[in-house]
Amino acid sequence: MGVLVQDLRAAAREERAEAVRTLVLRAGLALGVGFVLLPLAIVVVYSFSSVAYGVFPPPGLSLRWYGHLLAQEAFRGAFLRSVGIGVCATALALAVGLPAAVVLVRARVPGRDLLRAFLLSPIVMPKIVLGVGWFIFFARLGLEGGVGPLVLAHTVVVLPFVVTILAANLVGLDPSVEEAAQDLGAGVATVLWRIVLPQIRPGVAVSAVLAFIVSFDQVESSIFLTRGANNTLPVEMFLYMEKWQDPTIAALSTVLIGFAAALVAAGLVLARGADLRRLLGR
């Protein structure tokens, strides 16, 4: 009887300790998320300021800067241009990143570690160095100032994110399914399209959303390649802030925060929908 009581007390102590650990972890997570989101909240509040100079908290609230934002034609054109460049860069990164991830995970080829380091190197390289390098490269080819160089530069920047996410998804797949398809006569392209891609569709959705957001947000890699009429939205925002210090950029940033949140939500819906369809298919 005494042993049973001791066991119950030990179990109760362990339960309390587990509850304390969970509480501490959740509190730490809440503090971390709050620390990250607090600057965004400040930007959102500042966008409703009633005055044209920088002060926080604002002396009054107004929607005047959102109206001023709608009157800026340069921002509208730059937004559409950034969306187009982001879509093209994301599509190219997926087209290159998926086969590259398959090679890194499945193939046993010499120099695989060197290939991985080469594909992931843009993550550790300062973006302004990439921008200067791209400027010199395309200037030598006489292609500076066009949209094509921007798409290629953004593709290189976002490719490591695509490769990393897709490779992580491929690691968890059973290679015997692919081998069975090949034994039945399926070619490499068929296996990739019909067997591999449906299984990693959530990873494809997440990597596409992340790649688009990273491309859309590029300043350092874009500012050396744009020429006035081809400015992307971040570059246009940078140029605006050189002249004016009113809350218009805060209003635009608030809109972009909502735009990014909607993209992330759409990516999560697509990823979960793919998981649900896969489970139902089984």
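Predicted model: local features only at pLDDT ≥ 70, side-chain atom pairs only at ≥ 80, totals over all residues.
The protein is built from 12 helices and 0 strands, and its elements, followed from the N terminus, accordingly read α-α-α-α-α-α-α-α-α-α-α-α. Of the 282 residues in the protein, 33% count as buried.

Helix α1 spans residues 2-46 and contains both Glu18 and Arg21, whose side chains meet in a salt bridge with a computed N to O distance of 2.6 Å. A search of the whole structure finds 1 salt bridge. In general terms, side chains of opposite charge can pair when their charged atoms come close. The two partners are separated by about one helical turn, because Glu18 and Arg21 are 3 residues apart in helix α1.

Attention then turns to the empty space in the model. Rolling a probe the size of a water molecule over the atoms shows where such space is left. The largest pocket has a volume of about 280 Å³, and of the 13 residues that line this pocket, the closest to its centre are Phe216, Asp217, Leu256, Ile257 and Ala260. The elements that contribute two or more residues to the lining are α9 (201-216), α11 (233-243) and α12 (248-281), with the largest share, 6 residues, coming from α12. When the lining of the largest pocket is sorted by class, 11 residues are nonpolar, 1 is polar and 1 is charged.

Leu233 is located in helix α11 and is buried, with a relative accessible area of 1%. The C-alpha atom of Leu233 is separated by 8.4 Å from that of Leu80, although the two residues are 153 residues apart along the chain. In the second pair, Gly67 is found in helix α2, which comprises residues 64-70, and at 42% relative accessibility Gly67 counts as partly exposed. Gly67 and Thr248 are 181 residues apart in sequence, whereas the distance between them in space, taken from C-alpha to C-alpha, is 9.0 Å.

Technical notes. Residues numbered from 1 in each chain as written. Heavy atoms only, no water. Salt bridge = Lys/Arg side-chain N within 4 Å of Asp/Glu carboxyl O. Helix = DSSP H or I, 4+ residues; strand = E, 2+ residues; numbered from the N terminus. 1 Å grid on protein atoms, 1.4 Å probe; cavity = no way out; pocket = protein on both sides within 12 Å on 5 of 7 lines; lining within 4 Å. Points joined across faces, edges and corners; volume = space filled by probe spheres on them. Nonpolar A, V, L, I, M, F, W, Y, C, P; charged D, E, K, R; others polar. Buried < 20%, exposed > 50% of the residue type's maximum accessible area, 1.4 Å probe, protein only.
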